[in-house]
Amino acid sequence: MLRIELLSRDHDREGFSCGERDLDDYLKRTARQHNDKGISRTFVLVDSDDPAKILGFFTLASCEVVAAELPPEYAKKYPRKAPAAKLARLAVARDQQRQGFGGLMMVDAMRRTLAVAENIGIIGFFVDAKNQGAREYYEQYGFVALPDHRLALFLPLATLAAALEALGN
Ligand SMILES: CC(C)(COP(=O)(O)OP(=O)(O)OC[C@H]1O[C@@H](n2cnc3c(N)ncnc32)[C@H](O)[C@@H]1OP(=O)(O)O)[C@@H](O)C(=O)NCCC(=O)NCCS
């Protein structure tokens, strides 16, 4: 059975490769330290039959948004700076891609973001796409590009909540 859990010492970070060196390096060298220091949270997708093997991972962090950088319809709703959540990283092991694992982790990340919104208050979910392909990947979840940063994308909280509602989450 698939499950998503906080990255720990028990997971085989060295054995993971998604094809993007900086993402692999982050998982191997930095993610656990950042977990320990409370800088961000990295979660891994594993199968309970082989729980050390990392099928994919994602990292969540908080961030501050300059409202003027948002699409105009959102920019005017907020004060000059506003708090948000960020999908700092998302990756699926190269030999496990295109099986829906990215989608599974995305929905889990959205659920966690909604819980933060309900308990602290944030205006939405941000991500920096690595390239045009990644941008299209995020757009299918309702992320919209920031006008002056084509690879920086924003998922408004209402869109996120509606998407989870539609999925019955
Ligand atoms: C991008 C990534 C996270 C997607 O995860 P995944 O498990 O492979 O994707 P899913 O199975 O959830 O994808 C579902 C759909 O998203 C779309 N999709 C998947 N990868 C895509 C990509 N790179 N570009 C555009 N669309 C993509 C497709 O429509 C796919 O459906 P299909 O397989 O029926 O064509 C994964 O491929 C990956 O880790 N890539 C390398 C690292 C990376 O680029 N991370 C993003 C950093 S910004």
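Reader: How many bridges join β1 to strand β2, and do they run parallel or antiparallel?
Author: There are 5 bridges, and the two strands run antiparallel. Keep in mind that this is a predicted model.

Reader: Which residue in β2 is the bridge partner of Ile4?
Author: Leu45 is the partner of Ile4.

Reader: OK, zooming out. In what order do the strands of the sheet come?
Author: The order is β1-β2-β3-β4-β5-β7-β6. These 7 strands make an open sheet with mixed pairing.

Reader: Which strands stand at the edges?
Author: β1 and β6 do. Each has a single partner strand, so one side of each lacks a neighbour in the sheet.

Reader: And what does the twist average from one strand to the next?
Author: The average is 35°.

Reader: What about β5 and β7, how many bridges there?
Author: They pair over 5 bridges, in the antiparallel sense. Within that pair, Val127 has Leu153 of β7 as its bridge partner.

Reader: Switching to helices. Which strands does α3 lie across?
Author: α3 lies across β1, β2, β3, β4 and β5. Its angle to β4 is about 155°.

Reader: Which residues of α3 are buried?
Author: Met105, Met106, Ala109, Met110, Thr113 and Leu114 are buried.

Reader: What do the buried residues of α3 pack against?
Author: They pack against β1, β2, β3, β4, β5 and also the helix α5.

Reader: What span should α3 have?
Author: It has 19 residues, so at 1.5 Å a residue it should span 27 Å. Its end C-alpha atoms are 27 Å apart, which agrees.

Reader: What follows α3?
Author: Gly121 does, and its phi is positive, near 105°.

Reader: Where does α5 lie?
Author: α5 lies across β5 and β7, at about 60° to β7.

Reader: Last topic, the ligand. How many residues surround it, and which are closest?
Author: The ligand is surrounded by 20 residues. The closest are Gln97, Gly102, Gly103, Gly133 and Ala134.

Reader: Which element gives the most to that shell?
Author: α4 does, with 4 residues. β4, α3 and α4 each supply at least two.

Reader: How many residues of the shell are nonpolar, polar and charged?
Author: There are 9 nonpolar, 7 polar and 4 charged residues.

Conventions. Residues are numbered from 1 along each chain as its sequence is written. This is a predicted model: local features need pLDDT of at least 70, side-chain atom pairs count only at pLDDT 80 or more; totals for chains, interfaces and linings use all residues. A residue is near a molecule or strand if its C-beta atom, placed from the backbone, lies within 6 Å of it. Ala, Val, Leu, Ile, Met, Phe, Trp, Tyr, Cys and Pro count as nonpolar, Asp, Glu, Lys and Arg as charged, and the others, Gly among them, as polar. Two strands pair if DSSP finds at least two bridges between them. The expected span of a helix is 1.5 Å times one less than its number of residues. A residue is buried if 20 or more other C-beta atoms lie within 10 Å of its own, exposed if 12 or fewer, and partly exposed in between; C-beta atoms are placed from the backbone. Two residues are in contact if their C-beta atoms, placed from the backbone, lie within 7 Å. Axes are lines fitted to C-alpha atoms, for helices over the stretch in contact, and angles run from 0 to 180 degrees between N-to-C directions.
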